Amino acid sequence: MSKRKSKDDSLSIGECISLVQKILRERICCQKSNGKPFGVEMQQKHLLELLKRTVVHGESNSVLIIGPRGFGKTMLLNSVLTELLGMKHIKGNVLIVQLNGLLQTDDRIALKEITRQLNLENVIGERVFGSFAENLAFLLEALKKGDRNSSRSVLFILDEFDLFAHHKNQTLLYNLFDISQSAQTPIAVVGLTCRLDVLELLEKRVKSRFSHRQIHLLTSCDFKQYVIMFQQQLLLPEDFPDKSFAEEWNQNIRFLSRDASVEEILKKHFFLSKDFRSLHLLLMRVLCRVTVSNKTIKPADLIEASHLCTMDSKANILHGLSVLELCLIIAMKHLNDVYDGEPFNFQMVYNEFQKFVQRKAHSVYNYEKPVVIKAFEHLHQLELVKPMDGPSVRIQKEYQLVKLLLDNSQIMEALQRYPQCPTDVKQWAASAFA
Amino acid sequence: MPDQTPFPTYMKDVLLRLKKQLPCRDNEVSMLLSLFGEPQHYSYPSILIYGHRATGKTFVTQTVLQELKLPHAFVSMVECFTPRLLFQQILSQLSSLYPSLDEEFHCETLNDFIRIFRQLSTSNVLDQQTVYIVIDQAEVLRDMDANLLPGFLRLQELVGGNITVIFLTEIVWEKFRPNTGCLEPILFYFPDYTKAELQQILCKDRHPEFSDDLYATYINILLGVFYAVCRDLCELRHLAALNFSKFCEPLLKGEVRESDTHKLWRSIEPHLRKAMQTVYLREVSSLQWEMMQDTKEETGYLKGLSAYTHVDLPYYSKFLLIAAYLASFNPARTDKRFFLKHHGKMKKVTFLKKHEKTSNHLLGPKPFPLDRLLAIFYSIVDSRVASTANIFSQISSLVTLQLLTLVGHSDQLDSPKYKCTVSMDFICAIARTVNFDIVRYLYDFL
Ligand SMILES: Nc1ncnc2c1ncn2[C@@H]1O[C@H](COP(=O)(O)OP(=O)(O)OP(=O)(O)O)[C@@H](O)[C@H]1O
Ligand SMILES: Nc1ncnc2c1ncn2[C@@H]1O[C@H](COP(=O)(O)OP(=O)(O)OP(=O)(O)O)[C@@H](O)[C@H]1O
Ligand SMILES: [Mg+2]
Ligand SMILES: [Mg+2]
């Protein structure tokens with residue numbers, strides 16, 4: 001670390017690469033990175049206004065931030081909070097309670113967590129409350145008393161908001177929204193969710209207390225912006241210590257995003273999903289390939305990374321099956337063709353397989369039935385076949401109805417890629433009738 | 001990967017050591033290292049490593065983490081079958097990294113876990129190194145509380161530290177994804193070993209008394225028999241160890257020379273095929289298998305697949321079972337044809353529609369009422385039959401043995417229905433012991 005301070009601003013190539021990795025990994029991997037949000041100025045301003053009204057003017061409020069996964073809900077909120085807390089007269093006037101639907105799985109836990117985050121555990125002591133509402137009111141009241149400044153406002157952040165709607169009677173939500181409507185203590189309730197239908201989850205009495213303010217993060221960018229996003233994620237900042245290295249790196253990134261093959265790959269990913277997180281998945285794999293001996297990103301790196309990203313994992317698993325297991329898959333494929341995807345049982349699969357074995361004069365595939373059953377069970381474990389009814393139904397496993405969770409094209413492709421696939425097996429798979 | 005030097009450039013000797021310990025996994029090791037990055041840098045919040053059984057997922061991950069001395073916790077979901085056990089395992093392994101912490105945790109929920117974890121990482125003495133949490137057999141997480149899997153996937157965000165969670169599983173990621181989505185992990189596939197790689201790895205545990213070449217020959221023969229059926233390294237290794245002494249027998253006796261591979265093959269191959277039907281299926285235990293090899297001659301009662309010929313039943317129970325089998329697999333309307341002496345014109349009726357044939361044995365046993373069972377039973381037993389009460393008790397003991405099952409609710413006292421749950425081979429073996437030619441009575445085999 002201390003080396004960076006040396007007067008001479010050129011670093012060794014190893015140090016440069018290490019620094020590049022550090023900077024870019026923080027951007028890509030760290031979910032709490034504090035880079036500048038991109039393309040959400042409107043929403044940012046809106047949210048900041050709302051929260052300022054609570055904190056400065058003591059107006060209670062509630063708002064939902066809605067957007068698909070990885071579209072930057074958390075990032076938007078965090079950047080607004082940083083901006084808010086950075087304002088001079090606000091700091092110390094506001095308390096933040098951060099809840100998450102994944103962690104506070106019921107309202108008892110949530111209340112305990114709120115108490116803890118407000119530092120009121122000692123005040124509560126052994127006190128017992130009649131109701132949830134009483135308890136919450138006491139907490140907010142205690143905030144006022146303990147402090148000379150009675151206008152302290154509380155921001156309740158509820159990440160994974162939809163999960164709170166599953167709590168019994170939605171008690172927490174009801175009480176928070178209720179307080180946000182009556183002007184006891186100024187509070188703001190900010191919910192973050194990826195469910196667009198979130199309002200339908202709320203009970204009527206809860207819904208009616210919600211302000212119905214929503215901030216949507218759905219802005220679907222066009223491809224041009226996507227390329228800019230891609231560039232921005234990879235460019236080195238101005239204050240990179242080794243200027244000439246940064247210059248060269250950034251030059252290369254700009255050059256890269258004009259490359260035809262790179263554009264093709266980005267297009268493919270763009271049409272699959274437009275969010276930052278899936279772009280990050282791609283970039284992470286690109287970044288893994290940056291080493292001292294490969295110190296710039298080349299189009300080939302992107303091609304390879306994209307290939308890894310879009311690999312079909314079922315095809316991978318098929319690749320590692322034994323020949324016997326593969327034969328069973330083919331038998332099931334034929335059954336699917338004959339019976340139009342009706343479920344079948346092991347006995348039928350075995351029968352189909354036997355037909356194939358008997359047509360061949362030689363006995364290469366002639367295994368005892370229990371050996372075949374073991375192979376079938378392995379497919380079961382890999383969840384390539386799925387039982388139609390639960391295990392509770394008492395039925396011999398040979399006759400349990402199952403379904404194959406692969407489609408024909410996946411199977412045929414796997415056969416093409418299968419190492420040293422016997423020709424007769426291939427022909428059998430290709431034959432139209434069993 | 002064209003370039004085998006992973007990022008970061010670790011000490012050469014560590015890399016060499018890894019390479020030696022983990023043969024045939026060079027690509028995976030260097031990929032893993034480049035995903036990890038330098039200890040102080042961030043790594044992706046969650047990594048899912050998937051691949052077939054015994055492709056070294058556990059072995060490689062654990063060895064790499066240990067050799068590089070990266071701070072980590074390693075838990076297996078088979079051991080930690082409740083959330084509480086899981087949390088406690090992870091925390092106690094981590095607390096040995098942070099000596100300042102006391103041992104006592106009360107950690108029941110994910111909320112507690114995250115809170116304690118946060119305390120740990122704020123008192124982080126590790127210079128902000130990435131902490132790795134490896135969850136083996138991660139597919140079990142899906143069946144536990146719904147918040148666990150998404151929670152662990154975004155542990156980094158929840159705790160707010162430099163943490164990476166690694167999931168190991170043989171199930172593809174698509175089967176994990178919750179309905180409302182989650183933070184997608186980086187997927188990382190461990191390919192299966194090729195035949196040559198299996199050969200190479202298996203040859204590593206050769207017997208010190210024998211030459212490399214001989215052991216290689218042995219492994220080659222073994223793979224020749226088993227490769228088409230099983231590619232599980234652990235299983236193959238087990239089979240290799242069990243059968244090697246048999247392979248060496250002709251050598252030790254001086255009957256065959258080491259170079260005569262064909263003769264060696266001839267002597268061991270049938271033996272291995274038999275192993276496939278017995279030890280491989282766990283029909284006999286390894287110990288029994290070794291005993292069989294010692295005694296050498298075929299002791300009758302350890303014949304693997306045919307072991308069930310020795311289920312011993314009372315005389316009438318055998319007939320009851322046969323009757324039950326017939327009732328399960330023959331359509332009721334054909335009973336007359338089989339069991340009435342003078343069925344006359346029935347023969348002409350065209351039962352035998354082509355598509356119907358053999359379908360009963362494909363679809364499995366059908367339930368039948370008690371009186372049908374008794375009717376068939378009385379018609380196939382020649383001698384006079386003991387009292388009915390005795391017969392009923394034999395039926396219930398067949399149910400206890402799970403050779404028959406009671407279908408539907410057991411409280412349906414008036415008309416219980418049964419199903420026969422034994423296989424064709426089994427019933428044929430039983431029928432043989434009472435000289436009953438069952439195939440003649442089965443509609444499917446007319
Ligand atoms: N507008 C943006 N500009 C720059 N980076 C962004 C933007 N939106 C998202 N990101 C990046 O994408 C990643 C995911 O964003 P974030 O965690 O905010 O998503 P989210 O909507 O909260 O997802 P989830 O619903 O899964 O919690 C973060 O690393 C963030 O830095
Ligand atoms: N490349 C290798 N070299 C030497 N031994 C290996 C290698 N790969 C795996 N093994 C051995 O095979 C055994 C099984 O490997 P491991 O437990 O890592 O498999 P896995 O992929 O985790 O399987 P599972 O899905 O069953 O957990 C290990 O005990 C290890 O000793
Ligand atoms: Mg979020
Ligand atoms: Mg394992």
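Which side chains meet in a salt bridge at 2.7 Å, N to O? They are those of R142(B) and E383(A). A salt bridge here is a side-chain nitrogen of Lys or Arg within 4 Å of a carboxyl oxygen of Asp or Glu. Across the interface of chain A and chain B, the rule finds two salt bridges.

Please note that this is a predicted model, in which local features need pLDDT of at least 70 and side-chain atom pairs count only at pLDDT 80 or more, while totals for chains, interfaces and linings use all residues. Residues are numbered from 1 along each chain as its sequence is written, chains are lettered from A and ligands numbered from 1 in the order written, and side-chain values use heavy atoms, without hydrogens and water.

Turning to the interface as a whole, chain A contributes 69 residues and chain B 74, contact meaning heavy atoms within 4.5 Å. The area buried between the two chains is about 6200 Å², with 57% from carbon and sulfur atoms; this is the accessible area (1.4 Å probe) that two parts lose on being put together, summed over both. In chain A, L102(A), L103(A) and K374(A) lose the most area to chain B, together 10% of what that side buries.

Finally, an annotation: UniProt, in an unreviewed entry, places the domain "ORC5 lid" at residues 215-282 of chain B. Positions follow the numbering used here, feature names are shortened, and annotations may be inferred rather than shown by experiment.
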